[in-house]
Amino acid sequence: QVELVESGGGLVQAGGSLRLSCAASGRTLSNYDMGWFRQAPGKERELVAAISWSGGSTNYADSVLGRFTISRDSVKKTLYLQMNSLQPEDTAVYYCASRRRGVPMFNYWGQGTQVTVSS
């Protein structure tokens, strides 16, 4: 069982930055892919960024490419999302998720953290 707890959300002005963290408890995450998703009001949840179990591969949504950076610290069992040049359209609840290596769907989820970007 993997438990995920996000933190670092808040209110920021357009152009500002935030760093989200996701602390994992339970078993080691060395064999787990990790990802950040977000869901804005009235919209479906979307993948923002993902990082492989080894940390050697990342992928990003086109809308955040070049502005957001995903990283992980396997020793601390923590996932990060550095968000720069934030825009109002980035406003959403951000969720941390994980899946065991080889599993197609993310099946462990955090409770979410709100990010609000004012114009």
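This is a predicted model: local features need pLDDT of at least 70, side-chain atom pairs count only at pLDDT 80 or more; totals for chains, interfaces and linings use all residues.
**Note on the disulfide and salt bridges**

1. Arginine 38 is buried, with a relative accessible area of 5%. Arginine 38 forms a salt bridge with glutamate 46, the closest N and O atoms being 2.7 Å apart. Glutamate 46, by contrast, is partly exposed, at a relative accessible area of 34%.

2. A salt bridge also joins arginine 38 to aspartate 90, with 2.9 Å between the closest N and O atoms. This pair links distant parts of the chain: arginine 38 belongs to strand β4 (residues 32–39), aspartate 90 to the loop between β8 (78–83) and β9, and 52 residues separate them. Aspartate 90 is buried, its relative accessible area being 1%.

3. Aspartate 90 meets arginine 67 in a salt bridge as well (2.8 Å, N to O).

4. Taken together, Arg38, Glu46, Arg67 and Asp90 are linked in a network of salt bridges. The count for the structure comes to 4 salt bridges.

5. The structure holds 1 disulfide, which joins cysteine 22 to cysteine 96 at an S to S distance of 2.0 Å. Cysteine 22 lies in strand β3 (residues 18–26) and cysteine 96 in strand β9 (residues 92–100), so the pair ties together parts that are 74 residues apart in sequence. The link is left-handed, with -75° about the S-S bond. Cysteine 22 and cysteine 96 are both buried.

Key:
Residues are numbered from 1 along each chain as its sequence is written. Side-chain values use heavy atoms; hydrogens and water are left out. A disulfide is a pair of cysteine sulfur atoms within 2.5 Å. Helices (H or I, at least four residues) and strands (E, at least two) are DSSP runs, numbered from the N terminus. Buried means under 20% relative accessible area, exposed over 50%, partly exposed in between (1.4 Å probe, protein chains only). A salt bridge is a side-chain nitrogen of Lys or Arg within 4 Å of a carboxyl oxygen of Asp or Glu.
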